[in-house]
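Here is a short briefing on one protein model. Look at the sequence and the structure, then read the points below.

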Amino acid sequence: MIRLEARPEPSKLFGWASPLIAVVATLIVGFVVFTALGKNPVEAFHAFFVKPVESLYGLGELLLKATPLMLIAVGLAAGYRANVWNIGAEGQLTMGAIAGGGVALAFHGSESMLVLPAMLVAGAAGGMAWAAIPAWLRTRFNANEILTSLMLVYIATLVLSLLVHDHWRDPEGFNFPQSKMFTETALLPNLLAETRLNVGFLFGLAVVFAGWLFLQKSYAGYQMRVAGLAPAAAHYAGISAPRTVWMGMLIGGACAGVAGVGEVAGPIGQLLPSVSPGYGFAAIIVAFVGRLHPVGILLASLLMSLLYLGGESAQLNLALPSAVTGLFQGTLLFFLLAADVFIHYRIRVARRHRARVAI
Amino acid sequence: MDTLAQLVILTLAAGTPLVYAALGELVTEKAGVLNLGVEGMMLVGAVVAFMVAAKTGSPWAGVVAGTIGGAATSLVFGAIALSLMANQVATGLALSLFGVGLSAFIGLDYVSVVIDGIKAVEIPGLSTIPVVGPILFGHNPLVYLSLALFAAVQWFLYRTRAGLVLRAVGESPQSAHAIGYPVVRIRYLAVMFGGACSGLAGAYLSVALTPLWVEGMTAGRGWIALALVVFATWKPWRVLIGAYLFGGVTLASFQAQALGVAIPAQYLSMLPYAATIVVLAIISRDVVTIRLNAPASLGKPFHSGT
């Protein structure tokens, strides 16, 4: 009989190794799935993980898609460390895109260099406003933020749909539900010729660095960590629980909102009924796989971005549905959570135990 | 058929997926396990039910398959959250994300397939009684099944020894373990029951309410079901009332759209989600009631330590 025995201290080794174990296990599952679907697994792996990043353009796409993921995941990590479960980043992203897009449309054709900064500020404010609702409901009414933040995702999507179908619809858009294309000053400048990579990526890196300073080096970040690990001790030490909730939610909302602006001012360039292929949810996985640590999140966002690109490439080259991406994302998180058991427990074979009793 | 009867029938029809999913989650939570994967299990149930119904031509075979599919999906949660003692919130989230991906993946070839769904059965003589007839006898068989499930859950939890043990495991797993009850095994069964109910809820959606398969067709109903368990302060009869209230809200938004009310459709579609938020806030406000009624060990991993 195999059983788990509590370790006296959490294992540092497994803290770092478990994301790697999870990635390897997910690859093995991928191998099995591809084989079961009658695809040559080597070819499939090549199409999924190598082909998308063989060209400079592909590398640009990798960094482009990693940008919203790292932005959102760093923001979520601040909350998750304090046990503030904001899972509505997708909605906060959408609200950020609406607010930023609103600025872009209001100053349509403007030559001012201030349009883009104003969009980013508006996006952060939009995401924060949307995250403030669950924060307020949690601190004032004790309402579970998991459920409220998720319900707000559906509402945000409907608000965006309303706007692009109605108030903000491009009159020359042949009745398609879309806004006017943003003009030059409302778009993020390109970073690398022959790719779609824009300066949003540098902004994402800067936010990850700021997140590192906040989470690892600041007193406020330390307080949030304590609030998450030992709520009773935090209370005793005078760390305000409502303040922790507010900070966790607002940081997450601001980051997601900025990511939303990055999408509409970047690869999309206008408002559409859908502005994200689920980045807000994928970022939850990125935050966990990255161990809620900015450096880990940076690496995990690249991996998750590759999964998105791999899904598209598999659709083109292997005639596999791109939904395979979602499947891999979920599997990865499952394996991570499963591997994490070895941080706190080790395996013991019970036979030894019985032998000792016999003596 | 008169309007009143129609209204009752449609409200119950819209509330039924919530009845199934929320009753299942209620039993899971009574055992002290918080499974946030309801949305994912519902989607897997919906797609499996639809696929089997399309392949065999029998929607009832689909319902059975969807129920089994939901239970099988919940085993993944059980393995990680119960056997490996992972964080239940994170594992449940993973299950929901996984279920969305898995159902989209396996259901791709079935998106435009048409099947014969389960329809309300006309009982000769009874269904034709004016007013009372259609209200009592005009429903889909799965609506009656959900009421039977409600009665069974109520009876099991409060009138049987096994129900008492399950609630004891949810209140104090350490005590239950000390007396000699297999806490983890009981929790597995509760999780699987929740999974089966979620699968059945999804099956009802894809083979009875709207016989078709669309990616993400549950549209957040799994999350609303989770909220319902809190509204109901973990009491089955309040789950039932809450589910039908939400059925009514969903129906109102559909009906208003059909009647051409001069409000954009999006506002009406927001109603169920907005209502969930408002009601959740009102109920949760009473911290004492929540604390008294919530299973004491809800969401906490259990390790026997031996």
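The points below cover a helix pair, a surface patch and a salt bridge.

This is a predicted model, in which local features need pLDDT of at least 70 and side-chain atom pairs count only at pLDDT 80 or more. Residues are numbered from 1 along each chain as its sequence is written.

**Helix packing**
- Helix α7 (residues 200-217) and helix α8 (residues 219-229) of chain A pack at about 60 degrees, with axes 5 Å apart.
- The contact (heavy atoms within 4.5 Å) includes F214(A) and L215(A) of α7(A), and Y219(A) and M224(A) of α8(A).
- By class, this contact has five nonpolar, two polar and two charged residues.

**Surface patch**
- L56(A), L59(A), L191(A), L192(A), L202(A) and L205(A) form a nonpolar surface patch, with about 460 Å² of accessible area together.
- Patch residues have over 30% relative accessible area and no salt bridge, and nonpolar side chains are joined within 5 Å.
- Accessible area uses a 1.4 Å probe.
- L59(A) lies in helix α3 of chain A.

**Salt bridges**
- The structure holds six salt bridges over all chains (Lys or Arg side-chain nitrogen within 4 Å of an Asp or Glu carboxyl oxygen).
- E61(A) pairs with R196(A) in a salt bridge, the closest N and O atoms being 2.9 Å apart.
- E61(A) is in helix α3 of chain A, and R196(A) is in the loop between α6 and α7, 135 residues apart.

Key
Chains lettered and ligands numbered in written order. Heavy atoms only, no water. Axes fitted to C-alpha atoms, helices over the stretch in contact; angles between N-to-C directions. Helix = DSSP H or I, 4+ residues; strand = E, 2+ residues; numbered from the N terminus. Nonpolar A, V, L, I, M, F, W, Y, C, P; charged D, E, K, R; others polar. Patch = residues over 30% accessible without salt bridge, like charges linked within 9 Å, V, L, I, M, F, W, Y side chains within 5 Å.
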